[in-house]
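Please open the model in your viewer, with residue selection ready, and follow the stops below in order.

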Amino acid sequence: MAPKTVEWTVIVLTCQHKDSVCAFQKELEIRQRRGVLDPGTILLTVEDPTAHVGSGGATLNALLVAAEHLSARAGYTVVTSDVLQEAWILIMHMGRDFPFDDCGRAFTCLPVEDPSAPAEALVCNLDSLLWTMTHQLCKGSPPGVWICSTDMLLTVPSAPEINWDGFQGAKVISVPGTVLYARNHGVYLTTQQGLVCDIIYRGSEAQIQQCARPDGKVPLVSGVVFFSSETAEQLLATHVIPPLDACTYMGLDSGVQPIQLSLFFDIMLCMAEGMTEEDFVNGRTQGAGSSHTKGAVGMKSARSVLWKALHALPLSMACIPDGSYDYMTMAASDHIHNLTLCTGSISHLPFCKVAHSHVAQPQLLEDGSSITNSLLEGAVQLGPWSVIQHCHLRGPLKIGSGCLLTGLDMASSLALQSCQLQNIVIQGHCIRLQDMPCKMFTLTGHHDDWQSPAGDGGTYLNVPWAEFFHRTGIQEGDIWGPDTPQGSRCLLNARLFPVLHACESLRVWDVLWFLGSQTGGQLQRWRASWRMSWEELLTCLDQAAELESRRALFFLQAECKLQSVLLEHQDRSLLPLIRSAVHEGYQEAMLSTLDQVASTASDAGVAARALACIADVLGCMAKGEGGLRSGPAANREWLPAFQCLETGDIAGGVKALAKERKKWLGRPALLVRAARHYEGAEQILIRQAVMSSCQFVSVGRAELLPIGHWVLVECPARIDLSGGWSDTPPITYEHGGAVVDVAILVDGCRPIGAQARRIAEPELRLVSTSGTLEGEVLLELVCQDLEDLQDYCQPHAPGALLKAAFICTQIVTFPSQKPLQVQLLENFGGGFELRTWSLLPHGSGLGTSSILAGAVMASLYQAAGKSTSAESLIHAVLHLEQVLTTGGGWQDQVGGLVPGIKIGRSKARLPLKVEVEQIPMPDRFIQTLNQHLLLVYTGKTRLARNLLQVKYMTLPLLLMDSGQLPPSRAVTDLVKRTGPLQPFGHFLL
């Protein structure tokens, strides 16, 4: 039995700054609304109790907060460790600030898209790690606490083999790495049984080689740890013991002096088998991650408490052979490499060159480049190994290789055009000065090291500082004060970046001029500005504004994408994007865009799809409440809009719909009813689109038969072997359709029939019987006036199909100034009698109504002295069903009006044209197939009109499923075989 995916009880995200808590909590809650996180999971964003509390202190504090919430939910009045026994808790650490993303490594967007996601959204490193933890690493684990850093890119195989039999204590997760890579990272030294002896951080080559496996690889510290429930309880118990109480918010609130604690070198290391109490307590370890912390006596006391609490518990390691780990360093070159890496190792999802972006001229993007959450208008050329994220730019613009551009808006485009952009990093930042929101810009080099001393090999914009000073006229004293020692002067603390000007707003040119020489007073303008260093900038970042800015840009490019998908007839579902807009409060912008597309579309098919999307938006806004989406759509308030659409005034109809829509947004029940009426409006336009098939109806003249001469038409039923529903509009003209049909006899006879004749009286006699022609009369109508035909478009009205047939065959003109009797006498010298019957029960699913419509029209055409072909009849029935407002596709009439086995096809375009290819079958196959056919009637009816509404509502699912259906050509190849039917039957399951 496959391990079960973890359903998290609590997810805790830790962060350094209290100002970040609300923004990051909102991000978690949005993911829960999208369905990424279970609705019952408790989501907590917890700030570290104080600065530099360390990963161990953050873990203990997060565990305490999680236990406190679980205790409260269980009805306890104090924190109780028992609540951990059956809980799955995930703690994710945000870690330190990251120079290339203002929201940290966790919210760094990856160049990927997830087509299977229920709601379309940007994929951040946090999302990738959440998926990896939930669906891969943690599957099958016992209850306990998982801890995951977010400062690395981590991928693992789909089914990693982790043994949980008899598990106790704690387990660290490792992935293999090279000795060279391990020199700047941590590695585990383990016994042959997989127990951890030591954790070595930045060790010598000899120390690292001790950890090597037979293949030469070493087990890297991946930042993922698991505590069993019992171990978590033991750790939680230490939060009340001094000095470890200083690691939690309770200690802070109690006035205790904080200490710094490392997760790996303080908490995990004390459980290592090869560690002695003396070495551990005194900090004589390979890593000694906290040895620099102030208060050595306090740290010894803290380690002593941890030793007593945890050392008796085993610490094991699980190494994932095919796993991949990359720490997200402070080097721009590493970050750009990760975002342009086409191997897919940054996520479980494949690399996507253009992810969640709209690019006007994608051919200008060179191989190795990457665009994420951006809108590029005009000619924007992007060189190899360059990245654009969260930007709205307009060309002409040329960006060379090795660049990273983030957070730039349209106003930056003109300034960028005048610069040679190569191996540079340009970033726009949302900051807040007191209560004043601002936008500022920074400029750095691809190869710059943030902490290299300026006088000892340090660079800025990829050149030595001396060269930069000479080129720009900036002096050392401009960016470093006398209180900064020479050896400490570096890019991180250089006050280079303007934040405010006295009388004008900031522009990206305030830093771009660094790339050239001083001209036009730029140096004076720069010196007059209030400037910040990168260190100072980090304290002013407005992460809530930054995330909202990204969200706004995502939906701006999404609106462009939405227009492209609709106007270019792209085979792509928009429902995930619609769900995302509703979840994140951008439904009004999406509705406005859809209104615009619908009102300006050049064909009714595009407008119909836009209206269907509006119905989906309204349905999503109801959030699963308010009733079923299928239902009536004839409320009087919507009729003026419908009338506009019926008369061909699409723009006026869309405007009237939008005006009425505003009155129906108050509660779920009204939203659902509004969605139904938009679907009703959509059906009007679909009918108009399908009626384009009329041009393929060709009717000639034939001899007018004598009065009283019957024309008899009998038709088989049909079954479809492949491609069902691909014939139904709008699917058939948006995506194309192909259906393999078989005409079948029922109980040895053709079960559907019609006969027509001319009569002397100028009237229409309509008779429907049950079973056979001589069966019980179910319907008998006489129509003598046009008013008797006015309900021809109401499917449930008596004789509606027969009335619509007279109109569609143009025997009767409706509406008309000429009375019905006058029309009949002038054109035919009398009226008509029409009789229909069917041996099949109503709603049997064998195509009865459409085939009957074909039989009726065929008999009427001939009785009226007209000739037509089977191909014309197929299109005529399509037209009739739109007039009748039942919708419907073309496979039924293809199946019943064309003999034998055949394949019908329609291309993804308007006007809608159906082409039929008959497939000659060997007699042996026909005999074998007949021996294996059994018709079973369940007594349950299904009406195509209702099913079509549901099908279009679930179109994305249908199209997804259609990819798993056998191609119609494959089925035709199978049926041509004269061998066994097993492969053929397999396709029909």
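Start by selecting residues 543-567, which make up helix H18, helices here being DSSP runs of H or I with at least four residues and strands being runs of E with at least two, both numbered from the N terminus. H18 has 25 residues and reaches 36 Å from its first C-alpha to its last, close to the 36 Å expected at 1.5 Å a residue, where the expected span is 1.5 Å times one less than the number of residues. Just after H18, look at histidine 569, which takes a positive phi of about 55°.

Before going further, note that this is a predicted model, in which local features need pLDDT of at least 70 and side-chain atom pairs count only at pLDDT 80 or more, while totals for chains, interfaces and linings use all residues. Residues are numbered from 1 along each chain as its sequence is written, and side-chain values use heavy atoms, with hydrogens and water left out.

Next, select residues 587-600, helix H20. At 1.5 Å a residue its 14 residues should span 20 Å, and the end C-alpha atoms are 20 Å apart, which agrees. Which residues of H20 are buried? They are Gln587, Met590, Leu591, Thr593, Leu594, Asp595, Val597 and Ala598, buried meaning under 20% relative accessible area, exposed over 50% and partly exposed in between, with a 1.4 Å probe and protein chains only. What covers these buried residues includes H18, helix H19 (575-583), helix H21 (604-621), helix H23 (650-661) and helix H24 (668-690).

Now turn to the open sheet of 6 strands, whose order is S12-S14-S17-S20-S21-S22, with mixed pairing; two strands pair if DSSP finds at least two bridges between them. Strand S12 (354-355) and strand S22 (436-445) stand at the edges with a single partner strand each, so one side of each is left without a neighbour in the sheet. Strand S21 (residues 424-433) is joined to S22 by 10 bridges, and the two run antiparallel; within this pairing, isoleucine 431 stands opposite cysteine 438 in S22.

From S12, step to histidine 356, in the loop between S12 and strand S13 (358-359). Phi of histidine 356 is near 50°, a positive value in a residue other than glycine, and this histidine is buried, with a relative accessible area of 2%. For another positive phi, go to tryptophan 725, where phi is near 80°, in the loop between strand S29 (717-722) and helix H25 (731-734); at 22% relative accessibility, tryptophan 725 counts as partly exposed.

In strand S10 (residues 315-319), 4 of the 5 residues are buried, so S10 is largely enclosed by the rest of the structure; strand S6 (residues 170-177) runs parallel to S10, with 5 bridges joining them. Strand S32 (residues 764-770) has 5 of its 7 residues buried, and pairs antiparallel with strand S33 (residues 777-783) over 6 bridges and parallel with strand S34 (residues 831-838) over 7 bridges. In the latter pairing, arginine 765 stands opposite glutamate 833 in S34.

Then display the aromatic side chains. The structure holds 31 aromatic pairs, rings of Phe, Tyr and Trp (its six-membered ring) being paired if their centres lie within 6.5 Å, with planes under 30 degrees apart stacked, over 60 edge-to-face and the rest tilted. The rings of phenylalanine 98 and phenylalanine 100 have centres 5.5 Å apart and planes at 85°, so this pair is edge-to-face, and both residues are buried. Phenylalanine 468 and phenylalanine 469 have ring centres 5.9 Å apart and planes at 50°, so their pair is tilted. Both belong to one aromatic cluster, whose members include Trp513 and Trp526. Over the face of tryptophan 526 lies arginine 531, at 3.9 Å from the ring centre, a charge being over a ring if NZ of Lys or CZ of Arg is within 6 Å of the ring centre and within 35 degrees of the ring normal.

Finish at two proline loops. The peptide bond from proline 242 to proline 243 is cis, with omega near 0°, and proline 243 is found between helix H6 (229-237) and helix H7 (249-253). A cis peptide bond also joins phenylalanine 814 and proline 815, the latter in the loop between helix H26 (800-808) and helix H27 (820-828).

Notes:
Contact = heavy atoms within 4.5 Å.
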